[in-house]
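Here are my notes on the model you sent.

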Amino acid sequence: MDEFLSATIRGLAQGSLYTLLGLGFVIIYKGTRVVNFAQPVLMIFGAYFTSYFVLALDLPFALGVLAAVLTTAAIAAVSERVALRPMVGEQPFSAAMVTVGVLIALQVIANDLLGLELRQMGDPWGLSREVLGGVAIFHRDIAALLITASVVAGMAVFFKLSRIGLALRAAAFDQEAALAQGVPVGRMFGISWAISGGLAALAGLLVGTGGAGVDQNTTFIALKALPAIILGGLDSIPGAVVGGLAIGMAETYTKVYQPEHFAWAGANFDQVVPYLVMLLVLLVRPYGLFGTKEVERV
Amino acid sequence: MRGRPELRTSYESDQAPLGTPAKRFWFAALLIGAVLLPFGLTSELNALIATAFISAIGAIGLNIVTGYAGQVSLGHAFFLGLGAYTGAVLSGPTDRNVVGLGLDMWIWLPAAGLLPAIVGLIVAPVAARLKGLYLAIVTLGLVFLGEHLFREMVFLTGGVGTGRSSAKLEMFGTRIDQRTEIGSYTVTREMKLYFVGLVVLLVMAVLAKNLTRSKVGRAFSAVRDRDIAAEVMGVELTRHKVIAFAVSSFYAGICGALLSTTTGFIEPGSYGLLTSVNFLAMILIGGVATLSGSLLGAAFVVLLPRLVQEIPHFVPFVESGSTGGLITTFQLETLLFGAGIVAFMILEPRGLFGMWVRAKTYWRAWPFSY
């Protein structure tokens, strides 16, 4: 039971990482109908800049994270302006392919910045933990959950109450109508990219905390957020939260229990469980759990 | 009709491959050129062009499912891997690590296509339910699951780090992967690879051309352009999506098996997402839904690294080693690849083939550019 509880908390923390990344995917998808395959590299940039600002420039941790979030958001907004804006109105797949190109190109820069070492985040919680009635709880997991919870709440408030949030929703709902009402739709695209860049940066921080560190091979962790959003539905923000947490927990339970119960599935099976869960869910619901089914007309 | 090659009086003649004398002439000229070329090149370049030919087979396969039938697949690498391992298991020797049956090439080459095609048939009904980006992400999952399988089925694949030797190019007792001396002249391994690649590519390309101009091919385009409209007109959606997936997987399997013979070695890690992206880049850079585009794109993607290797001779701040300089050739190559995808998608969505068509129409109307 203790093992189960600590696996649950671990899983929720892992899931909160996918939630942050998934939110980024969904915000861009809702706004521009593009799946942003460049998200993984934005996450790496976030982790690198956090490491750079906190450890190399010696900024206070919170300030360093904020600076990293802003820098990554700026990189995301610039990529959108340069590479994605000309693709407005093209096939969604063409635009998705452009983001793959952006991923490949930016990855070169990220790898060059990272070098060959493992970058630590300089986070205050590190590997410390509490033991509550036999259940070990790592501070980094609590931190991940708290950060994600506050970000999700903040996003909800931002989209519901702020002027820009309203404009973003309007642009996502109907671009022409939003344009007619004076919403600068192009700028909204940039803002949604900047927001998901910032979310990816936070995810990068979470990947690297607790001594895990970030190096050149960390990138593809972020792709596991894709099963999460497919599970929840590509265009559903609650779906990203639920999907992210579910995938994180499925992955962690597999990691804990599979080696003793299903050893035949092979080492590192937990790494592919997200994709397996995604396939099974899509067999039943082709648009995910919360996604809107597209109404089609000829 | 003599002297008026552009005049079409029937659908057949409109759809005929090499429909004009000029096309026939240039095709023959290109073919003769392609046959003579390897005798004038170094072994390294021959091997590289052989790789391009073989990759073009895979690119044609991806073009059938993604270009013609409009079903975006990021799972191509998985089928490539399946083909490579089928070939290797059927032809290789059994040693202490891996299973091998030691069969001839005329058995393993078709089998390397058939097994992926069958797996494609199994996967396709799931995929046929999905659309657009959902499909892309699910096929992405296929790649990760496949990589896991390849890593774990050690008795077939040798496992991570160890790998296994690829399929053996031996047909009717003739070793293709060894040099032979004919009199005083040496036919190198690379030249033979080149011709194997060329012949298989020609056969597969002709088959693909015929498929795309048949009833099934027209149904593919209908499904791609407007699936519901196609359904209303009596095109069975699921059936044609499944056919597209199976045929595409067949091509991928053949490509994967042959591609692994160029290096002679297979490692589970080589069938990841990046391989899929490479093939998508081939068809997008070459030209979606065109066969010559697949070939051009494959040549571009395969030859780009070799071209970039030449850059340090001309540009000072590019370093040919693995470190130092402002940027290494490897970094530059990857950067150019990424930027190339972006640039083609934005500036010339029809790819190299589109550029060729534009150039052709320009010169046909010259000097009247309008």
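1. I begin with a loop residue. Asp58(A) sits in the loop that runs between α2 and α3 (61-84) of chain A. Its phi is positive, about 60°, although Asp58(A) is not a glycine. Asp58(A) counts as exposed because it has 9 C-beta neighbours inside 10 Å, and the limit for exposed is 12 or fewer. Please keep in mind that this is a predicted model.

2. Ala289(B) is not a glycine either, and its phi is positive at about 60°. Its place is the loop between α12 (273-286) and α13 (291-310) of chain B. Is Ala289(B) buried or exposed? Ala289(B) is buried, since 20 other C-beta atoms lie within 10 Å; the threshold for buried is 20 or more.

3. One peptide bond in chain B should be noted. The bond joining Trp366(B) and Pro367(B) is cis, with omega about 0°. Pro367(B) belongs to the segment after α15 (351-365) of chain B.

4. In sequence order the pattern is α-α-α-α-β-β-α-α-α-α-α-α-α. The C-alpha trace of chain A spans about 60 × 50 × 35 Å along its principal axes.

5. How does the radius of gyration of chain A agree with that of a compact globule? For 298 residues, a compact globule would have a radius of gyration near 19 Å, and chain A has 19 Å, so the two agree. Of the 298 residues in chain A, 52% count as buried. Among contacts in chain A with a separation of 6 or more, 75% come from residues 24 or more positions apart.

6. Helix packing within chain A: α5 (residues 139-161) and α6 (residues 163-173) of chain A pack at about 80°, and their axes are 5 Å apart. The angle makes α5(A) roughly perpendicular to α6(A), because angles of 65 to 115 degrees are classed that way. On the α5(A) side the contact is made by Phe158(A), Phe159(A), Lys160(A) and Leu161(A), and on the α6(A) side by Gly165(A), Leu168(A) and Arg169(A). By class, the residues of this contact are 4 nonpolar, 1 polar and 2 charged.

7. Phe49(A) is part of helix α2 (residues 39-56) of chain A. Phe49(A) is buried, as 25 other C-beta atoms lie within 10 Å. Leaving aside neighbours within four places in sequence, the residues in contact with Phe49(A) are Ala68(A), Thr71(A) and Thr72(A). The C-alpha atom of Phe49(A) is separated by 9.8 Å from that of Leu70(A), which is 21 residues apart along the chain.

8. Gly288(A) is found in the segment after α11 of chain A. With 24 other C-beta atoms within 10 Å, Gly288(A) is buried. Which residues does Gly288(A) touch, not counting those up to four places away in sequence? They are Ile230(A), Leu231(A), Gly232(A), Gly233(A), Leu234(A), Gly239(A) and Val281(A). Between the C-alpha atoms of Gly288(A) and Val35(A), 253 residues apart along the chain, the separation is 15 Å.

9. The contact between the chains takes 32 residues from chain A and 34 residues from chain B. On the side of chain A that touches chain B, α4 (92-114), α9 (225-232) and α11 (273-284) of chain A each supply at least two residues. α4(A) gives the most to that side, with 13 residues. The side of chain A that touches chain B has 27 nonpolar, 3 polar and 2 charged residues.

10. Last, the nonpolar core. The largest one has 202 residues. Those with the most contacts inside this core are Leu21(A), Ala96(A), Ala203(A), Val138(B), Tyr251(B), Ile254(B) and Leu284(B). Helix α3 (residues 43-68) of chain B gives the most to the core, with 15 residues. Not counting residues up to four places away in sequence, Ala96(A) touches Val34(A), Val35(A) and Phe37(A) as well as Leu133(B) and Ala136(B). In soluble globular proteins, nonpolar side chains tend to be buried together.

Key:
Residues numbered from 1 in each chain as written. Chains lettered and ligands numbered in written order. Predicted model: local features only at pLDDT ≥ 70, side-chain atom pairs only at ≥ 80, totals over all residues. Contact = placed C-beta atoms within 7 Å. Helix = DSSP H or I, 4+ residues; strand = E, 2+ residues; numbered from the N terminus. Nonpolar A, V, L, I, M, F, W, Y, C, P; charged D, E, K, R; others polar. Core = buried A, V, L, I, M, F, W, Y, C linked by C-beta atoms within 7 Å. Axes fitted to C-alpha atoms, helices over the stretch in contact; angles between N-to-C directions. Parallel < 35°, antiparallel > 145°, perpendicular 65-115°, else oblique. Rg over C-alpha atoms; globule rule 2.2 N^0.38 Å.
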